[in-house]
Each structure stands twice: as C-alpha cells, then as structure tokens.
Amino acid sequence: MPVWRAVAVPSQAAMDLADFQTQMRALYGDRDRGRGLARTFAWFTEECGELSRALFRGTPADREHEFADVLAWLASLADQAGVDLARAARRYADGCPRCGSAPCACDRPGAG
Ligand SMILES: [Zn+2]
C-alpha cells in the first residue's frame, strides 16, 4: 500500500488544487480506492445533495462546509480516474474553452 504524505499547509492559508488533491489522497486515498469508482461517485452525488440543501436552506457556514466536502469527493474521484485536477482546471485558464472569450460570449449559458 502506498503511503501518501499529507501536505503541510497552515489551516488558515489558501490551498491550491494540486495541494488539495494531494491532501485528499493522503487522508482518504487508500480507503476511497478500496471502495471503488462507482461507490465513490455515489458518495459524491450524496454530497452534492447536501450542498443543494446548504445552498437553499443553510447558513453561510453550512455552505462553506458542503463546498469543501463536494470538492473533497471530486478530488478523490479525479485521483481514482487518474485526473490531475490542477491540470484539468487549466481548461478554463485562457477564457471560455468554446468561444475563447472572458467573460464567455457563447449563446448557451454556463460552464463548459
Ligand atoms: Zn463561451
């Protein structure tokens, strides 16, 4: 079993996506890989439901908590799927990936 080293980031400091993915791998990687992609995805969707409740009925603290949990499960899924989240995020680095503009000038609203 690989032993992943947690990222030493002070709790009040900003954490970039690469550090976050490394941290999630260190904290939960072995357990999540043991669960498998399908069951991990099921947990991710459960967390999305909790985020939905926090968005529409929760406090600001609830929202922050649920965004963190959804991001954690997303990082775990990415790790199992062999996707580097920081690299994936670069898809949006130079503007909308479809029209190339910032802000997006596409007819269809929303990301991607
Ligand atoms: Zn666009």
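Tyr92 is partly exposed, because 13 other C-beta atoms lie within 10 Å of its own. On this scale a residue is buried with 20 or more other C-beta atoms within 10 Å, exposed with 12 or fewer, and partly exposed in between, the C-beta atoms being placed from the backbone. The model is predicted: local features need pLDDT of at least 70, side-chain atom pairs count only at pLDDT 80 or more, and totals for chains, interfaces and linings use all residues. Residues are numbered from 1 along each chain as its sequence is written. Tyr92 lies in the segment after helix H4 (85-89). The C-alpha atoms of Tyr92 and Ala102 are separated by 9.6 Å, with the two residues ten apart along the chain.

The chain has four helices and zero strands. Its elements run α-α-α-α from the N terminus on. Helices (H or I, at least four residues) and strands (E, at least two) are DSSP runs, numbered from the N terminus. Of the 112 residues in the chain, 15% are buried. Contacts were also sorted by sequence separation. Among those between residues at least 6 apart, 48% join residues at least 24 apart. Two residues are in contact if their C-beta atoms, placed from the backbone, lie within 7 Å.

Helix H2 (residues 37-57) and helix H3 (residues 60-80) have axes that come within 9 Å and cross at roughly 160°. H2 is therefore roughly antiparallel to H3, a term for angles over 145 degrees. Axes are lines fitted to C-alpha atoms, for helices over the stretch in contact, and angles run from 0 to 180 degrees between N-to-C directions. The crossing of H2 past H3 is left-handed, meaning that the near helix is turned anticlockwise from the far one by less than a right angle. The H2 side of the contact includes Trp43, Phe44, Leu51 and Ala54. The H3 side includes Phe67, Val70, Trp73 and Leu77. By class, the contact has 13 nonpolar, three polar and six charged residues. Ala, Val, Leu, Ile, Met, Phe, Trp, Tyr, Cys and Pro count as nonpolar, Asp, Glu, Lys and Arg as charged, and the others, Gly among them, as polar.

The largest nonpolar core has seven residues: Met24, Leu51, Ala54, Val70, Ala72, Trp73 and Ala75. Such a core is a set of buried Ala, Val, Leu, Ile, Met, Phe, Trp, Tyr and Cys residues joined through C-beta atoms within 7 Å. H2 and H3 each supply at least two residues of this core. H3 gives the most, with four residues. Not counting residues up to four places away in sequence, Ala75 touches Phe20, Gln21, Met24 and Leu85.

How values were computed
Parallel < 35°, antiparallel > 145°, perpendicular 65-115°, else oblique.
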